[in-house]
Amino acid sequence: MNILLTGGAGFIGSAVTRQLIARGPGTPGAPHAPGTSDVNVSVLDKLTYAGNLASLKAVAASPRFSFIKADICDAAALREAFARVRPDIVMHLAAESHVDRSIDAPGDFVETNLVGTYRLLEAARAHFAGLSGEARARFRFHHISTDEVFGALGPEGHFTEDTAYAPHSPYSASKAGSDHLVRAWGDTFGLPVIVSNCSNNYGPCQFPEKLIPLMILNALEGKPLPVYGKGENVRDWIHVDDHAEGLIAVATRGRPGQTYLLGGNAERRNIDVVNAICKIMDRLVPGGAPHARLITYVTDRPGHDFRYAIDCSHIGRELGWRPRETFESGLEKTVRWYLDNRPWWEAVRSGQYRGERLGLAPKQGPEPRPELELGE
Ligand SMILES: NC(=O)c1ccc[n+]([C@@H]2O[C@H](COP(=O)([O-])OP(=O)(O)OC[C@H]3O[C@@H](n4cnc5c(N)ncnc54)[C@H](O)[C@@H]3O)[C@@H](O)[C@H]2O)c1
């Protein structure tokens, strides 16, 4: 089986790739994707600021892994990639993914998330048209999306596969649009599409502009821990390896035309996440304790959704997937990973991004201190 995986040099795509390549027959802890040891994975990635080949180091030597540097907006490059890879499954993760950047530069999000998804769908449609028999029956286009397309919840309730779309940020609006395009290519052209929407991920190799790695690294460096508003916004956190396992189940066993919601069953207020990181840091890096003294409340993000929460019973019933990591153990593992993998994040931080705050609309007033930044 050949998988063409877009965005595989990013946080989640690299976790999926590592899992697909690492698994052999009978690998413990891989009950959801039997047979994936036969899989070849071709990662297609533009290597934007968020793409990092170091995250694919563990699989780079595998004969089942290959890398194509290309932009999903480039129709000719996509045609060539489909001809070369002959994919049975497309897993589409390439995207601009940071809400704060979408407030500063929404055009990049429209370009990659909407136009890029459209180009990829057209390339997949042309490829699918040339398939017959078994290969045609096997083909899937799996689009990976976010729970942010559903907008904000109040204190109660959960998103389900039937929740109406109500995106608020340029990021979530562009992802919502891409979900609609994918379903339209299924309904109109018969492309066997599947969409999955997931809650906030955390874990190794996450770009340190996102909440959890940013807090870990700022705490380590004795910098302020910027918390938006009062820190009361609630997110449902899932460990990236649980998400990756769910994505493999969806791509290999999900039904075309279906939507699957994935979440971690771990709702936490942002301030509770930051305090939990501080407690772990106090134990692991006692010299900097108490790290909670670094917590700084900053101007809220414009249009900041109050709460997201996922009901993932549908995928549990249909594919037998459920998240396995608890938030407490997953968070500790993640803190340890950043402490043990300094070269990975030092290389990232010495590049274009240096931890500055992004995503304040101009009307929000004067520029905040440069070290203040937080996102998801
Ligand atoms: N991170 C989360 O918590 C989360 C939650 C739910 C869904 N998602 C979705 O999962 C997917 C992956 O998210 P992530 O956190 O790994 O993102 P990421 O920003 O870490 O990685 C995105 C990857 O896409 C690549 N890319 C960007 N534009 C491209 C283009 N035009 N052509 C080819 N490659 C391009 C980047 O180089 C990078 O490797 C996204 O579609 C995102 O919307 C993320």
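Cys73 has a relative accessibility of 13% and therefore counts as buried, a class defined as under 20% relative accessible area, with exposed over 50% and partly exposed in between (1.4 Å probe, protein chains only). The structure is a predicted model, in which local features need pLDDT of at least 70 and side-chain atom pairs count only at pLDDT 80 or more, while totals for chains, interfaces and linings use all residues. Residues are numbered from 1 along each chain as its sequence is written, and side-chain values use heavy atoms, leaving out hydrogens and water.

Cys198 is also buried, at 3%. Its sulfur lies 8.7 Å from the closest cysteine sulfur, that of Cys312, which is too far for a bond. With a disulfide taken as a pair of cysteine sulfur atoms within 2.5 Å, the count is zero.

A search of the whole structure gives 17 salt bridges, each a side-chain nitrogen of Lys or Arg within 4 Å of a carboxyl oxygen of Asp or Glu. Arg349 pairs with Glu221, with the closest N and O atoms 2.7 Å apart. This pair links distant parts of the chain, 128 residues apart: Arg349 is in helix α12 (residues 342-349) and Glu221 in the loop between α7 (211-220) and β8 (225-228). Helices (H or I, at least four residues) and strands (E, at least two) are DSSP runs, numbered from the N terminus. Arg349 is buried at 10%, whereas Glu221 is partly exposed at 35%.

A salt bridge of 3.8 Å (N to O) joins Glu134 and Arg138, both in helix α5 (residues 133-138) and four residues apart, about one turn of the helix. Glu134 is exposed at 60%, and Arg138 is partly exposed at 37%.
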